[in-house]
Amino acid sequence: MQDAVTLRRRTELPRFALLQKGFRPFFLLAALWAALAVPLWLVVLAGSVSVGSYLTPTYWHAHEMVFGFSLAVVAGFLLTAAGNWTKRETAVGPPLLALALLWLLGRAAMLASAVLPPVLVAGANLLFLPALGIAVGRVIVGAGSRRNYGFPIVIAALFSAQLAVHLDALGVAPGGQRIGTWVGVDLVVLLILLVGGRIIPLFTRNATGAQVKSVRWLDLSAIGAMALLALLDAAGTSGRAAAVVAGVTAVLAAARALRWGAGRSGREPLLWVLHVGYAWIPLGLALRALSDVVPEVAPTLGLHALTVGAIGTLTLGMMVRVALGHTGRALAAPRTMTVAFVLITLSALVRVLGPLGGISWYLPSLHAAGTLFCLAFALYAVRMGPVLVRARVDGRPG
């Protein structure tokens, strides 16, 4: 009888399911953009192609990785997770399509910035985050889910950071590109600390049976310290104060993870990729703190440990896990995705360690890291794209 019910559900559900849940279009868009934007950046860096003068090439790259790629992953996760937390739909069908089109509009405007009025470029890019905030915030606040009130607040803060970038580009607020970019990275890392503290111990405990524990005061302290660092960066505070806070945050972020059972995760790619990705957070923050006292340690080393290492690795791991679990498939990483996890880890290592070899190593390491990053997300798009587009295998909606 149960088989008959399941079969009926499968026949009733649309086979094309890309707009059934937020993670589906946004994870696919994130992977495709990561696979395209990084090679484009390398071509721009070589002087072969121009992306216009709206932003400098470096800040174009930073904007598209923070407010393009990273926000697509954030959107896919929060649109899905908020629905699970509150038992209310965030955006599916036409509203979800509208959100995806707003994200695409921002990418198109940046690519066409050489021929578009600057105000139009800024406006096109600033539409997405308010729309996402409304979609996520209305269900969280409407359901009275106080534990999750922080997520709409972080979305609003991300909008402020992106606004600073565009106000600088428009000549209204000089310095906003640097401040907005750093704060954007801070806020994405803050989201990872919020979400990672919930899911990494839980997934490790469920998969390995290890005695995994979270210490609440350490969790709150690490999140609070990261929020303080974001505030200091937003205020334009540099030097010793920010370095000290970054160092303290690194210690707290590492300490909270000591009981998360990382040593038991080695045989499970879907687990070890999360632990490895999280480890880049304290390392990146420590490198940022160290750069204030050791001239040989450039601030960009810590920045790329956080972006390529933490954000790149953890987003890829979560994109695979969510795509499998929320489409009714077994939580076992396909072999191609295990390869992708290795590639993204190598990309982070090369991007952070390569520049330490001196100027002669800089460009080769940059191209190597970019190629590895591109391949990792291209593999995701090819292998998991069909999973994201097709209906769940268990016949359930979503």
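**Helix packing and the spaces around it**

Helix H6 (residues 128-142) and helix H7 (residues 150-169) cross at roughly 170 degrees, and their axes come within 9 Å. Helices here are DSSP runs of H or I, at least four residues long, numbered from the N terminus. Axes are lines fitted to C-alpha atoms over the stretch in contact, with angles from 0 to 180 degrees between N-to-C directions. H6 and H7 are therefore roughly antiparallel (an angle over 145 degrees).

The model is predicted: local features need pLDDT of at least 70 and side-chain atom pairs 80 or more, while totals for chains, interfaces and linings use all residues. Residues are numbered from 1 along each chain as its sequence is written, and side-chain values use heavy atoms, without hydrogens or water.

From H6, the contact (heavy atoms within 4.5 Å) takes Leu129, Pro130, Leu132, Gly133, Val136, Gly137 and Ile140. H7 answers with Phe151, Pro152, Ile155, Leu158, Phe159 and Gln162. By class, this contact of H6 with H7 has 10 nonpolar, 3 polar and no charged residues. (Nonpolar: Ala, Val, Leu, Ile, Met, Phe, Trp, Tyr, Cys, Pro; charged: Asp, Glu, Lys, Arg; polar: the others, Gly among them.)

H3 and helix H4 (residues 94-111) make another pair. Their axes lie 11 Å apart, at an angle of about 175 degrees. H3 and H4 are therefore roughly antiparallel too. H3 brings Trp60, His63, Glu64, Phe67, Gly68, Phe69, Ala72 and Leu79 to the contact. H4 brings Leu96, Leu99, Trp103, Arg107, Met110 and Leu111. The contact of H3 with H4 holds 10 nonpolar, 2 polar and 2 charged residues.

Now the spaces. The structure holds 3 cavities of 30 Å³ or more. (On a 1 Å grid over the protein atoms alone, a 1.4 Å probe fits in a cavity but cannot get out; a pocket is an open set with protein on both sides within 12 Å along at least five of seven lines; lining residues have an atom within 4 Å of a point.) A volume is the space filled by probe spheres set on the points, which are joined across faces, edges and corners.

The largest cavity has about 270 Å³ of space. Its lining has 18 residues, with Phe77, Ile192, Val195, Thr315 and Met318 closest to the centre. Helix H3 (57-86), helix H8 (176-208) and helix H12 (299-325) each give two or more residues to that lining. H8 gives the largest share, 7 residues. The lining of this cavity has 15 nonpolar, 3 polar and no charged residues.

The largest pocket has about 970 Å³. Of its 42 lining residues, Trp182, Pro299, Thr300, Leu303 and His304 lie nearest the centre. Elements giving two or more residues to it are helix H2 (23-45), H3, H8, H10, H12, H13 and helix H14 (359-389). Its lining counts 22 nonpolar, 15 polar and 5 charged residues.

The second largest pocket has a volume of about 370 Å³. It has 17 lining residues, and Phe77, Ile199, Phe203, Met318 and His326 are closest to its centre. H3, H8 and H12 each give two or more residues to this lining. By class, the lining has 10 nonpolar, 4 polar and 3 charged residues.

Arg256 lies in helix H10 (residues 240-256). Arg256 is buried, with a relative accessible area of 2% (buried means under 20%, with a 1.4 Å probe and protein chains only). Beyond neighbours within four places in sequence, Arg256 contacts Leu193, Gly197, Leu218, Asp219, Ala222, Ile223 and Tyr278.

Key
Parallel < 35°, antiparallel > 145°, perpendicular 65-115°, else oblique. Buried < 20%, exposed > 50% of the residue type's maximum accessible area, 1.4 Å probe, protein only.
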